Amino acid sequence: MCVESDGCEIEGCSSSDEVRTLSGSMSPALKSNPDLHPCKPGQKFRAALLRCRSPAAAAGILSFGNVLNYMDRCTVAGVLQDIQRNFGQTDSGVGLLQTVFICSFMVAAPIFGYLGDRFNRKVILSCGIFFWSTITLLSSFISKEYYWLFVLSRGLVGIGESSYSSISPTIIGDLFTNNSRTMMLSVFYLAIPLGSGLGYILGSSAKVAAGDWHWALRVSPVLGITAGTLILLFVPEPKRGSADQMGRIKTRTSWLCDMKALARNRSYVFSSLASSSVSFATGAFGMWIPLYLARAQVVQKTAEACTKEICSSTDSLIFGAITCVTGLLGVVIGAATTRLCRQKTERADPLVCAVSMLGSAIFICLIFVVAKKSIVGAYVCIFIGETLLFLNWAITADILMFVVIPTRRATAVAFQSFTSHLLGDAGSPYLIGLISDALQQSYATSALWRFLSLGYALMLCPFIIVLGGMFFLATALFFLDDREKAEKQLSQLTRPPSSVKVTAT
């Protein structure tokens, strides 16, 4: 028999069951009491709702929300040609959309990290989703005379999405531990490539179905509001550090102390720099590769330059599908490889990331070699390069969980996000567009040179990826020491649960 705090019986529970309360804590099982009264219909519904709030269900809902986050940000890239023609912008002009989005995202991340370590996390998540969903929907009604307002709306969307990316991994970190945490974080970070790929597919499909690219921005807001509601209803608010130890945290460090500790954490610093390299490449690729491949087909004379109101969406659809598949393969292979390598070395996590990054750089370089002659060959190189690049998403998050104590994880995630965006995709789309525009101005403008100039600009990405691989190798040097320091620090901040004395009667 399970009992809620208001004293009514909950049907369908055995004597060994526990009930998860709205705060995420577990109420111990109680024996049947003659003073208890049957539940009213509303209380039965609430009890049934509480039984659905398992850690696995929470991780699934949070992963769904992460899919929507990345789907929304990549929907714009899926209709980039249409936006460029509608507002009459250059390559650098449309590249500014992603740069403004990421700048606002990274500035807001530390703020949400601070809030996430101190206040109710699921409420912050839900408010963030409701906010960006509303702004995205409203931005679809902006006319072509107000491009600056469209750019501003992407900045506001970045603030809303920042709350989610900074806080949601810490909830999963407090619900699971060890290999189960690695697996759940793998599912969560699978949402990055999966959501990105679906963003291209959604944007292209909605544009074609409605005959208007604005409708690409009117689907994800509905799904976002649904996800925010599910988080409020079914995701618990676990106690910080509850999955890592049995005691309770008896003291909380100050924000300044947290920042100093993170700055001294070498594994955290180097893995954050490596994440910046990944963000630089994925930000530039996500924005420009579909347009680059469209220009390649014009050069090969297998397609014509877009002069219609609705441009061809074939490349965005194919690139989106490839991103979904490679994201799934990358995360699964990364988790399996790391688990296998942990049996050989305790430094497996950063070493797997380093090897995958270096391998990815080779195939991404080959894209620009073969694209002029073979689109199929370019897609093959994209497939292999993205698979290797996506191997490290979940592993990087797991490295952070190992070397940072629970009470400062939201801050750590937020500042890692801030750093990776500041040095990565905050500037890479605009920088690539700027280099492409500069090259086009230096020579006579033609379909061939528009294709080559963008390709030369994108060649910067493989070199940045190699640099990221070096940072992961540096992380491997300090990983074990920093993990041990985190474990000792956690033991100092906790106390064992109060013992219960039993006297014979």
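This is a predicted model: local features need pLDDT of at least 70, side-chain atom pairs count only at pLDDT 80 or more; totals for chains, interfaces and linings use all residues.
If you widen the selection to residues 428-442, you will have helix H16, the helix in which Gln440 is found.

Next, select residues 393-403, which make up helix H14. How many of the residues of H14 are buried? The count is eleven of eleven, so that this helix is described as mostly covered. As you step along H14, you will pass its buried residues, among them Trp393, Thr396, Asp398, Met401 and Val403.

For the last stop, select two helices together, H10 (residues 266-299) and H12 (residues 348-370), whose axes come within 13 Å of each other and cross at roughly 25°. Because angles under 35 degrees count as roughly parallel, H10 is roughly parallel to H12. The crossing of these two helices, H10 and H12, is left-handed.

To see which side chains meet here, show Ala274, Ser277, Val278, Phe285 and Tyr292 on H10, together with Met357, Ile364, Ile367 and Phe368 on H12, as these residues make the contact. If you colour the residues of this contact between H10 and H12 by kind, you will find eight that are nonpolar, one that is polar and none that is charged.

Note on methods. Residues are numbered from 1 along each chain as its sequence is written. Side-chain values use heavy atoms; hydrogens and water are left out. Axes are lines fitted to C-alpha atoms, for helices over the stretch in contact, and angles run from 0 to 180 degrees between N-to-C directions. Helices (H or I, at least four residues) and strands (E, at least two) are DSSP runs, numbered from the N terminus. Angles under 35 degrees count as roughly parallel, over 145 as roughly antiparallel, 65 to 115 as roughly perpendicular and the rest as oblique. A crossing is left-handed if the near helix is turned anticlockwise from the far one by less than a right angle, and right-handed if clockwise. Contact means heavy atoms within 4.5 Å. Ala, Val, Leu, Ile, Met, Phe, Trp, Tyr, Cys and Pro count as nonpolar, Asp, Glu, Lys and Arg as charged, and the others, Gly among them, as polar. Buried means under 20% relative accessible area, exposed over 50%, partly exposed in between (1.4 Å probe, protein chains only).
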